[in-house]
Amino acid sequence: MFSLEGLTNSLQQWLAANFSAGWVLVIESIIVILLAIALFAVLGLILVLMERKVAAHMQIRLGPNRVGPQGMFQTTADTLKLIMKEGLTPDGADKFLFNLAPFVVMIVAMLLLAPIAFAKNFQIWDINIGVLFVSAVSSISVIGILMAGYSSNNKYSLLGAMRSGAQIVSYELSAGLSIISIVVLTGSLQLSDIVASQQNGWWLFKGHIPALIAFVIFIIAVTAETNRAPFDMAEAESELTAGFHTEYSGMKFALFFLAEYINIFIVCAIGATLFLGGWMPLHFGNLQGFNHLMDYIPSSIWFFGKVFFLIFLIMWFRWTFPRLRIDQLLNLEWKYLLPISMLNLLVITIMAIMGWHF
Amino acid sequence: MYTETQIIKSGAPASIAGALDGTGELVINVGPQHPATHGVLHLVITLNGETIRKIEPHLGYIHRSIEKMCESLSYRQFIYVTSRMDYLSSHINNHACALTVEKGLQLEIPPRAQVIRVLMDELTRVASHELWWGAMAMDLGAFTPFFYAFRERETITDIMEETCGARLTMNYICPGGVNYDIHPNFQRRVKDFIQLFKSKIHEYDELVTGNIIFQNRMKGVGTLSREDAISFGCTGPVARGSGVSSDIRKLFPYEIYDKLNFEEITETAGDSFARYMVRIREMHQSISIIEQLIDNIPEGDFQAKTKAVLKLPKGEFYSRVETARGELGVYIVSEGGTTPYRIKFRSPGFSNLSALDHMARGSKLGDLVAMMGTLDLVIPDIDR
Amino acid sequence: MTTENFKEYITRVLPAAIFDESGEWLNVLIDPKDWKSLAQQLRDSEFDFNYLFCLTCIDWKTHLTMVYHLSSTGHRQTIVIKANLDRANPEIETVSGIWRTAEFHEREVYELFGVKFLNHPDLRRLILTDDFEGYPLRKDFEDPVNMIKL
């Protein structure tokens, strides 16, 4: 049976047999860095193509279908075009911050890859405060967006960045509270522990209705956090042309664009890990036969399947709903989602103490 | 008040610092190239945070001085320039001009031509409202409705292409009737369209009208009271959304509208949602008019006999029609020659736009797109 | 509400008005000086002319004529008010305080015909650029670069 775990183990053994311990670490780091960058590029291309295809089919059209079979190389061609374009820096912009901003956003997205368990025992860094790390690091991306908006010397960018700042800071509360509700149920911040705790069923099912509420709130909050429609206030095309990245062009624009999709991937990966069991196959309590059958599907496929399902959900929102207004957006968070998730957390805590979950 | 130079100055590099000069006001230029203005409209907006303090429209980016151009065109020619005013209801523009010329010549129009004209008018109106619906939803951030709207609109443009030879600027009407008879397929294809429209229109309500986000964005936004609507000279769906009866087809019927059975749609709320509902319900009325007429096109001439060179008697002639956007008035001053001495087009968009500043003060920047969307601005119509 | 009523009323408030009924609607020719007070009276009278649907100007080479089409959303009758202006120095009172739609229409006439509207709240160019010279819709306007005459 195919498994990524076997691959890493044999590589580890081969390196250990041929190099000294220090060199093994260096070589492994280089491999991890290369893999992370490669994953970035591939994910970016796949997700952009997926978005365009999903959008096209929701809009009764075909989408990209000229470059390569079924238009599969369209995004590659687009990326090549963007690489070759000139990256303009507007006059009067704060050049240092302007050029730094896309990299800040990108670095944040890359850092977030570290604790994610892509398959069984296939994880860059199984840190014991994994969930905390994710929530902490993901907040840094707002700094990149504010930097971009402020340094562009463009009023649209400034307005977009301000909106984005207000939005991300608000919605982190709800996202955080719904993440904590799973931490309460599991009793651990470590992502591998959280996945292991779903051996006999995913939290979405085990946690009764409160877990379902937490899941819905989580999806809403992360859609807002990644600035996706219907919460794409920061780049609201018809109001602010393109919001914080109005002045960016060429590869710097592409980095923002890519970071958006990587962020979607990461929040969906977190969502899948917390609520849908990460790489854990679908298990039902005592149905041994069924559980064994599910185990035959490789864990990486389970993980990516769940993640892409959530990504599809978020894309579905985007191509169906109109955009909210900024005050309605903040009302939704502060007046509805935050109280509900607080109450929900209380219920989940009682449930965890009393052991009412499965 | 901001002069042009001040505006340019405030758009200069120190712009962001300008927001911090103590007034708390930020001047942004929406347009002339901006995704929400659907054309070259330039709005200078004074903002306080997200709240709109003032909107100043700057026009003229597509002003072709059609009124001056028409002064050197004959009464047969000038009709077709007006297709380029409100290009979404170009057929109705032509209709208004032809009516004015016919009023001057006191021409009797054959019944067949009248019915064909009305049919085309209503098809144009439906096509225009379809495009408006898609574009407005797109302004509010929902991209999918645009393609749904085009699915139906495309059928209408195909019908137009077959009979008139053009899809957008139809140029089908001439003084005395229409240029050529309808295509043999016309009736069948219009009936097919009606069937398609009826099977799809519920999707509009499901996708957009009933959406809670959409309703929150529209209700209570850009409210225009009845008195203001009259004072600003608003017409069409904008006025009817505020409860002003303003449908020229009912008030001053032209052609055969007095014999047709249709309702004038009015709503009383005066907000964006009311204007939205007026247009949605108007589409149903237009379809009902088409249904009444499509099987009853009388036989006979499609054009009255006219002289090759038309000469209007000395005098002033004014006629008005209901375009998709409101009342279009054509005012011709004739000196008895072959060309008009002076022409004035009273375009609906120009008056409707003047109400924008009044509507928008105090609302959020995000509401602006809802207001502009429901005003249904077509910029060449405003600029002429 | 017939044309006779309007005539009677206007003769009462403005004896100098000249009537012309050859066209479709009642035409009233007045002196520009009387316009503001007549407009206010028409708006406030029982006839309630609350809807100014067309405002334009005609260049007769010897003089300019302002044309106001007035109607009411109540009785739907229309009257046309005209005022002859001096071509060298055309001036007339604004009515933008009475019908707000006039604000935009007057700005349009201001730049295309050069008519000055006294006491207009915001008489600036709306369409043309700041440095544009001449009044395009006047009959003697020639623009060799952007030819609009055939």
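Analyst: Leaving aside neighbours within four places in sequence, B:Met371 is in contact with B:Val221, B:Gly222, B:Ser272, B:Leu356, B:Met359 and B:Ala360. Contact here puts two C-beta atoms, placed from the backbone, within 7 Å. The model is predicted: local features need pLDDT of at least 70, side-chain atom pairs count only at pLDDT 80 or more, and totals for chains, interfaces and linings use all residues. Residues are numbered from 1 along each chain as its sequence is written, while chains are lettered from A and ligands numbered from 1 in the order in which they are written.

B:Met371 belongs to the largest nonpolar core, which has 243 residues. Such a core joins buried Ala, Val, Leu, Ile, Met, Phe, Trp, Tyr and Cys residues through C-beta atoms within 7 Å. Buried means 20 or more other C-beta atoms within 10 Å of the residue's own; exposed means 12 or fewer, and partly exposed lies in between. Among the members that touch the most others are B:Met371, A:Phe265 and C:Val115. Helix H12 (residues 250-275) of chain A gives this core its largest share, 17 residues. Helices are DSSP runs (H or I, at least four residues), strands likewise (E, at least two), numbered from the N terminus.

Chain B is divided into domain 1 (4-58) and domain 2 (66-383), with bounds from an automatic or database domain assignment. Their C-alpha centres lie 32 Å apart. The contact between them takes 14 residues from domain 1 and 16 residues from domain 2. Strand E3 (residues 51-58) of chain B supplies the largest share of the domain 1 side, 6 residues.
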